[in-house]
Amino acid sequence: MARDYYAILGVRREATKDEIKKAYRRLARELHPDVNPDPTTQERFKEVTQAYEVLSDENKRRMFDMGHDPFAPGGGGAGGPGGFGGGAAGFPFDDIMNAFFGGGQPGAGRSPRDRVRRGRSIKVRIELDLSETAFGVTKDVTFPTAVLCTTCQGEGTAKGTHRHTCEMCQGRGEISQVTRSFLGQVMTSRPCPQCAGQGSIITDPCADCAGEGRVREKVTRKVQIPAGVEDGTQIQLAGEGEVGPNGGPRGDIFLEIVQRPHPIFERRGDDLHCTITVPMTAAALGASFTFETLDGTEEIDLRPGTGSGHVITLGGRGSKHLDGGGRGDLMIQVDVETPAKLDEEQEALLRKFAELRGEDHPPGKFSPGHGGLFSRLRDAFGAR
């Protein structure tokens, strides 16, 4: 056997597929022409790649272990006309190497892989106050992203240099391998390992972007937040995301709205809810209160005899609808506070008040309370 592919990769004859793959990747990184442009190193890189092609394929590895080199003349196992190299019907070794390392017919196979790709979309969280989500706001949003490298304008090459056609695949972006089976000659293709399927390589990368055509930095965008957005709403900004590799088109930005808690109001849809706690005397006699809404200061009147749980509705004082058609309401629930401690004078006055109303010995009024599960469901759905 002219060549020992196991020795070339530095693995045991009993090595697993994963061990063979790891050995190849380690050697390929060391011997890649971009790293070691020496011609002898390139020949070594081809030899390592050839060894991996044999040992990573079960059929070829079995053939090699039986004493037949698939890449040697007559390596098909029998030599002569049935092999890869013998006779007029054979397939010369030079032709195999040309096919394997990109020497096929011009234009054959697939075109090189597009090196310009769309950038990644990113998500940005933006915190807003209730008034900002209800009425809309314009915000400056700062976030890290990838932008076009201004030094090379996305080309990835150093100033005054250009990409070069890959010598391994001759610009095709793929390498092919020819094998012989009982069906005849079979050609398979895979992306070129030297240029990653792009058909060209950068010998002098841009110092600022290291050949990627883009750099990372923090940017600030002025964003218009529409009125009526809620907590968790996502707003898509098409074409405002990261620049793609090699100057590719931008991805998108998805703004996720996070509404900060308000000290007074709770938002439910486009309606606002809050609770006002008043003393028992104010509920009985009535009162007026100054109230700070999202629209400014307003005065609300509490009618005499207002009970706990009563809801005062201020129409059109809630959040704007997202579609722009009107606003929600502001719902104020009254909570009547009963005094827990009374001094002697207060207690005497309250007893006198109860006596005047005939409530010093109240019989109490009983009514059906909360029933079982079905009663609660009936009440929840408004059944009659």
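## Overall make-up

What percentage of the 384 residues in the protein chain do buried residues make up? The model is predicted, and in it buried residues make up 36% of the chain.

The protein chain has 9 helices and 15 strands. Among its contacts with a separation of 6 or more, 64% are accounted for by residues 24 or more positions apart.

## Helices H2 and H3

Helix H2 spans residues 17-31 and helix H3 spans residues 39-55; their axes come within 10 Å and cross at roughly 165 degrees. Angles over 145 degrees count as roughly antiparallel, so H2 is roughly antiparallel to H3. The crossing of these two helices is left-handed.

On the H2 side, the contact is made by Ile20, Lys21, Tyr24, Leu27, Ala28 and Leu31. H3 contributes Thr41, Arg44, Phe45, Val48, Thr49, Tyr52 and Leu55. Sorted by class, the residues of this contact are 9 nonpolar, 2 polar and 2 charged.

## Helices H3 and H4

H3 also packs against helix H4 (residues 58-65), at an angle of about 100 degrees and with the axes 6 Å apart. The range for roughly perpendicular is 65 to 115 degrees, and H3 and H4 are therefore roughly perpendicular to each other.

Glu53, Val54 and Leu55 of H3 meet Lys60, Arg61 and Phe64 of H4 in this contact. The class division here is 3 nonpolar, no polar and 3 charged residues. Leu55 of H3 is listed in the contact with H2 and in the contact with H4.

## Threonine 306

Threonine 306 sits in the loop between strand E13 (296-302) and strand E14 (311-314). Is threonine 306 buried or exposed? Its relative accessibility is 10%, so threonine 306 counts as buried, the cut-off for buried being under 20%.

The side chain of threonine 306 reaches the backbone oxygen of arginine 303 at 2.5 Å. With neighbours within four places in sequence left aside, threonine 306 is in contact with Ala283, Val334 and Val336.

## Threonine 161

Threonine 161 is placed in the loop between strand E2 (137-148) and strand E3 (164-165). Threonine 161 has 21% relative accessibility and therefore counts as partly exposed.

How far apart in space are threonine 161 and cysteine 206? The C-alpha to C-alpha distance is 9.2 Å, while in sequence threonine 161 and cysteine 206 are 45 residues apart.

Note on methods. Residues are numbered from 1 along each chain as its sequence is written. This is a predicted model: local features need pLDDT of at least 70, side-chain atom pairs count only at pLDDT 80 or more; totals for chains, interfaces and linings use all residues. Side-chain values use heavy atoms; hydrogens and water are left out. Axes are lines fitted to C-alpha atoms, for helices over the stretch in contact, and angles run from 0 to 180 degrees between N-to-C directions. Helices (H or I, at least four residues) and strands (E, at least two) are DSSP runs, numbered from the N terminus. Angles under 35 degrees count as roughly parallel, over 145 as roughly antiparallel, 65 to 115 as roughly perpendicular and the rest as oblique. A crossing is left-handed if the near helix is turned anticlockwise from the far one by less than a right angle, and right-handed if clockwise. Contact means heavy atoms within 4.5 Å. Ala, Val, Leu, Ile, Met, Phe, Trp, Tyr, Cys and Pro count as nonpolar, Asp, Glu, Lys and Arg as charged, and the others, Gly among them, as polar. Buried means under 20% relative accessible area, exposed over 50%, partly exposed in between (1.4 Å probe, protein chains only). A polar contact is a pair of N or O atoms within 3.5 Å; within protein, one must be able to donate a hydrogen and the other to accept it, and residues adjacent in sequence count only if both atoms are side-chain atoms.
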